[in-house]
Every structure is written in structure tokens, then in C-alpha cells.
Amino acid sequence: MITLTIWSDFACPYCYIGETRLQKAIEELGLKDNVQIDLRAFELDPSAPKEVVTTTPERFAMKYRLSLEGARKQIEQISDLGRELGIDFNYATTKYSNTRDAHRLMKLAEAKYDRDTVGRLNEALFKAYFVENLVLADHNVLLEKAVEAGMNEEDVKDVLSTDKYDDEVRFDEREAMMRGVHGVPYVMFNGDFAVPGALTIEGFKSALQRELKKQDKKASEQTETERPHQCGPDGCELL
């Protein structure tokens, strides 16, 4: 079993692109039943407002010191990467807001629901932001997406009306800081080696195959160590 630990944020375009590429790599290698994905919260901007106060091109231009036209061009190039994967990617019209409550909702899903529900919610939140251009700080949006993913309405309302799972989100972010993670997506393979950034599908396939080879080698070495043997006056030998 390969365990992938992924730090990401729902407002991060490369996270959506990277996770989609990773899923395709897993499917193409036939590893769906041999890969466990553990999601970790990472807010790109913990201080982001809960209300939409600027457009994505304006914010992008300010952050990267670009002209508005230059920002729109780069945003469109990123959107094209998503469209190549079959996603109706609308990055330019996203409505930027705080994502803390979305991450808290994911923690609820991980704590009380199965992996399929977690996966559906994860995809639904990315889609809500980048395809439907909804406000992820809006509790009505979060409630709708969570229920559609198979979560209990009262469970969701209970979390959204309190600060439950806030500590879990902060724990993920502290762990990321301790590991030197400054950007997402950030994918760790079996707690061993990490891949920062959104690799191509082939890149993820190569990383997965590398991990499989490492596991096969360890299993082979263990088998050799555990082979039955017998000892006599002349020493010991494998049977």
C-alpha cells in the first residue's frame, strides 16, 4: 500500500490540477486499491476575507507585480492546463475568499465518513471554486456540497456553526511549517520522499512506480531474511 499525504488549498489552481493528474496516474497504473490518500489542510492566505473584495485578475496582478493584461494572460494559461484534463476551468472568474471553513468541513469528513465520501467532498469543493465560481466561505455553499457528497446535514451544520476541527486544520499547517512546506500542492510518498508542485501525469506515474519498486525491494529483502534455515557443526544454511 502506498500512502500519499497531500497538503493543498481549495483556492489553489495547481492543487486542483495536480490532484486531478495524480488521480489519472493512479487509474492508468491500476493502483486505485493500492493507494491511500491522506489530505492535509494548507491555507494559502489564512487572513483572506470571508467576503469577496477583489477580482482574481486584480489580486493576481498585485501579488505577482503584473499588469492587469499580463495577469489575465497567465491566468488563462493556468486555466488551459485544467481544461486539458477535462475540467471546465474558470480561474479568471473565481471568487476569492477564506477557505478555513472548507478545510474544517474536510476534517469532519475524514473523522466520520469513509474515503469515498472524503474524495467526493474534496472534488466538489475544488469544482465549486474553479468551475462553478462559488464563494467557499459561504456556509450555504459548503452545506450544499457536503450533503451532495453524502454527509449528514446536521453534522455539517454543527461544524459550521462552531469552531470544531479548527485545531486539526492548524495542526496540519504547523506540520507543514515544520517540514518546510511553503507552497502547495505538496505530495509526500509513504512519509519518505516528497514532490512539491503539480507534476505531469507521467511524472506522477514515475514517482508511483519508483515507490512500488522500493516496496518490492524491501519485501524481497525481508523474504530473504525470513527464509527458513538450519544450523549444524559446519554452520548455518538456508533451506
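Helices here are DSSP runs of H or I spanning at least four residues, numbered from the N terminus. The model is a predicted one.

Begin by selecting Thr94, which is located in the loop between helix H3 (68-83) and helix H4 (100-112). Thr94 has a relative accessible area of 4% and is therefore buried. Display its polar contacts next: the side chain of Thr94 meets that of Thr56 at 2.6 Å, and it also reaches the backbone oxygen of Tyr91 at 2.8 Å. Leaving aside residues up to four places away in sequence, Thr94 touches Thr56, Tyr129, Phe130 and Asn133.

Turn now to the aromatic rings, of which the structure holds 11 pairs. Select Phe60 and Tyr64: with ring centres 4.7 Å apart and planes at 50°, the pair is tilted. These two residues are four apart in helix H2 (residues 56-64), so about one helical turn separates them. Phe60 is buried at 5% relative accessibility, whereas Tyr64, at 44%, is partly exposed.

Because Phe60 lies in helix H2 and Tyr91 in the loop between H3 and H4, the pair ties together parts 31 residues apart in sequence. Tyr91 is buried, at 5% relative accessibility.

Finally, inspect two arginines. The charged end of Arg59 sits over the ring of Tyr96, 3.8 Å from the ring centre. Arg210 lies over the face of Phe193, 4.2 Å from the centre of that ring.

Conventions: Residues are numbered from 1 along each chain as its sequence is written. This is a predicted model: local features need pLDDT of at least 70, side-chain atom pairs count only at pLDDT 80 or more; totals for chains, interfaces and linings use all residues. Side-chain values use heavy atoms; hydrogens and water are left out. Buried means under 20% relative accessible area, exposed over 50%, partly exposed in between (1.4 Å probe, protein chains only). A polar contact is a pair of N or O atoms within 3.5 Å; within protein, one must be able to donate a hydrogen and the other to accept it, and residues adjacent in sequence count only if both atoms are side-chain atoms. Contact means heavy atoms within 4.5 Å. Rings of Phe, Tyr and Trp (its six-membered ring) pair if their centres lie within 6.5 Å; planes under 30 degrees apart count as stacked, over 60 as edge-to-face and the rest as tilted. A charge sits over a ring if NZ of Lys or CZ of Arg is within 6 Å of the ring centre and within 35 degrees of the ring normal.
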